[in-house]
Amino acid sequence: MVCLSLAFMYTIRDTRLESMYFARDSNETIQLQKYGYERAERRAFVESNPSRRTNIVILSLPRSGSSFLGDVFNHHPQVLYLFEPLHSLQLNIQKSSLFHFNFTRESYKRSAFKFLDDAMSCKFVHGEFASNIYVNDRYRSFALTSTEFCSGNATSRVCEDVDPVRLEALCKNNYSVLSLKILTPRLPDVQAKGQLLPGCSNPNSECKIIHIVRDPRAVIASLMFSVHFFARPWETRHQLSWYAQKICHQLESDVTLGKLMVNSQDSRYRLIRFEDLAKNPLSQVNELLKFAGIEMTDGVRKWLNEATHSTDISQKNVQQAYLTSRDSKKVISGWRSRMESATVQIIERYCGRVMRQFGYKLIGLSSEKQRNFDISLIDPKSRYLIL
């Protein structure tokens with residue numbers, strides 16, 4: 001069962017983390033325009049590829065590489081990319097609630113289902129997306145900061161509110177693919193209703209799902225050292241145990257959802273480990289684009305090369321933790337040198353079963369095994385045992 005017990009640690013439990021999570025680097029506005037395509041070029045892609053509309057849904061836990069993968073699609077001229085649409089919905093529901101809103105309610109499920117279905121159907125005029133979009137999430141999308149909505153140059157960009165009429169026309173006429181990046185804890189209980197994912201049942205479009213997973217040890221290390229999630233040192237051990245249980249319970253729920261998807265729509269579901277993507281970004285991205293039914297472009301290839309060989313990540317700026325440009329190979333095993341063995345043992349205690357399913361090797365009590373980088377802790381031959 002896909003539960004929401006973990007989801008709102010990011011929106012309610014620590015508002016400081018939210019503001020950090022969506023922090024923007026001042027150079028990103030320039031990046032948006034540097035690799036962006038204007039309307040005529042996008043229209044040319046759509047007219048030359050008159051196939052049925054495709055929706056690409058990227059699912060993952062936080063700090064698992066979904067923002068990076070989402071940016072791959074964001075840089076493709078055929079794709080209208082939406083960053084964390086359910087985050088925008090949740091923030092607006094929370095603002096209108098007198099007390100903290102219970103996101104396990106049936107009312108949230110209905111709102112989320114309609115919200116996603118409207119987006120995947122390009123129904124923005126009578127939907128709630130345009131009026132609910134969170135401003136920082138908007139700036140993660142080239143389409144929503146294009147000349148349709150914004151004016152000025154890359155260094156002095158002025159953007160109007162997103163006009164739903166214009167957005168609907170843009171979605172229908174200028175893009176053949178819609179891509180959404182969604183954190184799985186934000187999803188309603190889709191299995192209970194017999195639905196694989198809200199919005200994926202539209203007969204006028206094809207829905208494909210890319211599910212990206214990452215070693216829980218690396219996920220928690222990223223939260224500890226990059227975004228300082230465990231803010232109170234005297235409670236770190238208790239928080240860590242609580243979080244490890246929650247995150248791996250969620251991951252096991254995602255495994256169940258993945259099995260359901262494979263059994264019913266194998267050709268439309270793709271599971272990938274972040275580590276495999278980071279080791280071979282060009283070949284993996286090429287395969288994922290083929291899976292999505294679109295071709296690699298020079299723009300995507302150029303951005304991918306620069307994004308995975310970035311040197312700026314060494315700067316000690318908290319915003320760097322939220323960028324998608326970095327030396328991808330270095331982020332695979334960084335946790336092994338930074339995390340204490342006792343911390344690793346706690347994570348493996350709660351996550352060992354699901355880690356084995358994805359081919360992540362446990363170190364147990366061996367700190368030497370953890371520090372020896374000649375020993376791989378990822379099974380390269382694993383076919384992801386959930387399948």
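This is a predicted model: local features need pLDDT of at least 70, side-chain atom pairs count only at pLDDT 80 or more; totals for chains, interfaces and linings use all residues.

Modeller: Let's begin with a term: two strands pair if DSSP finds at least two bridges between them. Strands are DSSP runs of E with at least two residues, helices are runs of H or I with at least four, and the numbering goes from the N terminus. Residues are numbered from 1 along each chain as its sequence is written, and side-chain values use heavy atoms, leaving out hydrogens and water.

Colleague: What makes β6 and β7 a pair?

Modeller: Five bridges join them, and they run parallel. The rule asks for at least two, so β6 and β7 pair. Elsewhere along them, Ile 212 stands opposite Ile 272 in β7.

Colleague: How many bridges join β1 to β6?

Modeller: Seven, again with the strands parallel. Val 57 has Ile 209 in β6 as its bridge partner.

Colleague: In what order do the strands of the open sheet come?

Modeller: β2-β5-β1-β6-β7: five strands, with parallel pairing. From one strand to the next the twist averages 20°.

Colleague: Why do β2 and β7 stand at the edges?

Modeller: β2 (79-83) and β7 (269-273) each have a single partner strand, so one side of each has no neighbour in the sheet.

Colleague: Which strands does helix α6 lie across?

Modeller: Helix α6 (106-120) lies across β1 (53-60), β2, β5 and β6 (205-213), and runs at about 155° to β5. For such angles, axes are lines fitted to C-alpha atoms (for helices, over the stretch in contact), and the range is 0 to 180 degrees between N-to-C directions.

Colleague: Why is β6 called largely enclosed?

Modeller: "Buried" means under 20% relative accessible area, "exposed" means over 50%, and "partly exposed" is in between (1.4 Å probe, protein chains only). Eight of the nine residues of β6 are buried, so the rest of the structure largely encloses this strand. β7 is mostly covered too, with four of its five residues buried. Helix α10 (216-225) is another case: nine of its ten residues are buried, so it is largely enclosed. Arg 217 and Ser 222 are among the buried ones.

Colleague: Is Leu 282 buried or partly exposed?

Modeller: Its relative accessible area is 42%, between the 20% and 50% limits, so Leu 282 is partly exposed. Leu 282 sits in helix α13. Beyond its neighbours within four places in sequence, Leu 282 is in contact (heavy atoms within 4.5 Å) with Met 296, Arg 301 and Leu 304.

Colleague: And how do you know whether Thr 297 is buried or exposed?

Modeller: Thr 297 has a relative accessible area of 10%, under the 20% limit, so the word is buried. You'll find Thr 297 in the loop between α13 (281-292) and α14 (298-307).

Colleague: What is the phi of Glu 84?

Modeller: Near 50°, a positive value in a residue other than glycine. Glu 84 is in the loop between β2 and α5 (85-95), and with a relative accessible area of 0% it is buried. Cys 122 also has a positive phi, near 60°. Cys 122 lies in the loop between α6 and α7 (129-132) and is buried at 1%.

Colleague: What makes a group of residues a nonpolar core?

Modeller: The members are buried Ala, Val, Leu, Ile, Met, Phe, Trp, Tyr and Cys residues joined through side-chain atoms within 4.5 Å. The largest here has 95 residues, and Phe 73, Leu 86, Leu 180 and Ile 220 have the most contacts inside it. Helix α11 (236-265) gives the most to this core, with nine residues.

Colleague: Last one: where does Lys 208 lie?

Modeller: Over the face of Phe 291, at 5.3 Å from the ring centre. A charge sits over a ring if NZ of Lys or CZ of Arg is within 6 Å of the ring centre and within 35 degrees of the ring normal. Arg 138 also lies over a ring face, that of Tyr 139, at 5.9 Å from the centre.
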